[in-house]
Amino acid sequence: MIIALDAMGGDNAPEATVEGAVLAAIGSNHKIILVGPEKLISQELLKHHKRYNVTSLDIEIANATEVIGMDEHPAKAVRQKKDSSLSVAAKLVADGKADAFVSMGNTGAAMAAALFYLKRIDGVLRPAISTSFPTVNGTCIIADMGANVDCKPEHLFQFAIMANLFCKRVMGIVKPKVGLLSIGEEPTKGNELTLKAFDLIQKANLNFVGNIEGRDIPRGKVDVVICDGFIGNIVLKFGEGIAEMMLKLVKKGFKEHPISWASLPFLWFALKDLKKKVDYSEFGGAPLLGVDGVCLIGHGRSDAKAVKNAVFSAARAAEHDLTTEIKEAIAKYGI
């Protein structure tokens, strides 16, 4: 797979993006195109030459003279900055020179670039950002988590179709359980949006378990959680905050009770597993489902490990030809 990486996207770019690309190239057969100011990216690559011999890696640079900042207006920035690292990365996919593009930068701008250059899949009303969330059973995915803050029932119906396919093909879950996030499990509970979406989703050929409540997400009751982007983004950010709080409380507990350090050797592996499970960098990024090509959007705070995992996630989505399957499913159900 050929992955175009926006080397200037994110709070820690280009250091984290370039290092992440190097780590991804070492650990796979994927070709990575670093998109950004050629001179700057070349200098950053040279920092890793002694350790990794970067000239032997399948990495190339695509020059881009502009950068879209995290605080810029998404659509306006994409329209005005045609030679930005983000726009050039999206164009590489649109032109068939890359199989997917990844950005850890401005989420809205990444969406705008994907819609501008890749376009929506025929029949898709709204693309959805689908992100992984840790549960006691492993992970689930939430769609949408911020792309669409105001939704119609038909949008949630299509989110369920697309996220179900992603869960099957990319996450390898044969028969994902799909749940609609609401304020109660009963079909009669919810607002007008969820009540109408419930009726639509239950008619599709999905393993739909009905409504779920917020507490059911970390319990691992379902593999796919469907909600509008306003709610999904709140759930995601709240979950990140809880994860950080848990780790800080564990550290605080060890400091306040010095004798507990004696138990650390016995707890070490369990604590490592806990940290790994709630670490967003393990998931890499979130796919934008519904655009005619593979786009993966990462966390703005991403470090090199998150960038590496984002490249791997994008490659898996491209390998499974998820776009074609979504086209066929949307055409089948049609709305």
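This is a predicted model: local features need pLDDT of at least 70, side-chain atom pairs count only at pLDDT 80 or more; totals for chains, interfaces and linings use all residues.
User: Happy to start with the rings. How many aromatic pairs does the structure hold?

Analyst: Three. A pair of aromatic rings is described by the distance of the centres and the angle of the planes.

User: Is Tyr117 buried or exposed?

Analyst: Tyr117 is buried, because its relative accessible area is 16% and buried means under 20%.

User: Which parts does the pair of Phe157 and Tyr333 tie together?

Analyst: Phe157 lies in helix 7 and Tyr333 in helix 13 (residues 322-333), so this pair links parts 176 residues apart in sequence. The geometry is edge-to-face too, with 5.9 Å centre to centre and 90 degrees between the planes. Phe157 is buried at 5% relative accessibility, while Tyr333 is partly exposed at 24%.

User: Let's go inside. Which residues have the most contacts in the largest nonpolar core?

Analyst: Leu34 and Ile226, in a core of 63 residues. Helix 7 (residues 153-169) gives the most to this core, with 10 residues. A second, separate core has 43 residues, including Ile33 and Val291. As for Leu34, its contacts beyond four places in sequence include Leu5, Val18, Ile41 and Ile61.

User: And which residues make the nonpolar surface patch?

Analyst: Phe238, Ile242, Met245, Met246 and Leu249 form that patch of about 460 Å². Ile242 sits in helix 10 (residues 229-256) and is partly exposed, at 30% relative accessibility.

Terms used
Residues are numbered from 1 along each chain as its sequence is written. Side-chain values use heavy atoms; hydrogens and water are left out. Patches are made of residues with over 30% relative accessible area and no salt bridge: like charges are joined within 9 Å, nonpolar side chains (Val, Leu, Ile, Met, Phe, Trp, Tyr) within 5 Å. Accessible areas come from the Shrake-Rupley method with a 1.4 Å probe; for residues, only the protein chains shown count as cover. A salt bridge is a side-chain nitrogen of Lys or Arg within 4 Å of a carboxyl oxygen of Asp or Glu. Helices (H or I, at least four residues) and strands (E, at least two) are DSSP runs, numbered from the N terminus. Buried means under 20% relative accessible area, exposed over 50%, partly exposed in between (1.4 Å probe, protein chains only). A nonpolar core is a set of buried Ala, Val, Leu, Ile, Met, Phe, Trp, Tyr and Cys residues joined through side-chain atoms within 4.5 Å. Contact means heavy atoms within 4.5 Å. Rings of Phe, Tyr and Trp (its six-membered ring) pair if their centres lie within 6.5 Å; planes under 30 degrees apart count as stacked, over 60 as edge-to-face and the rest as tilted.
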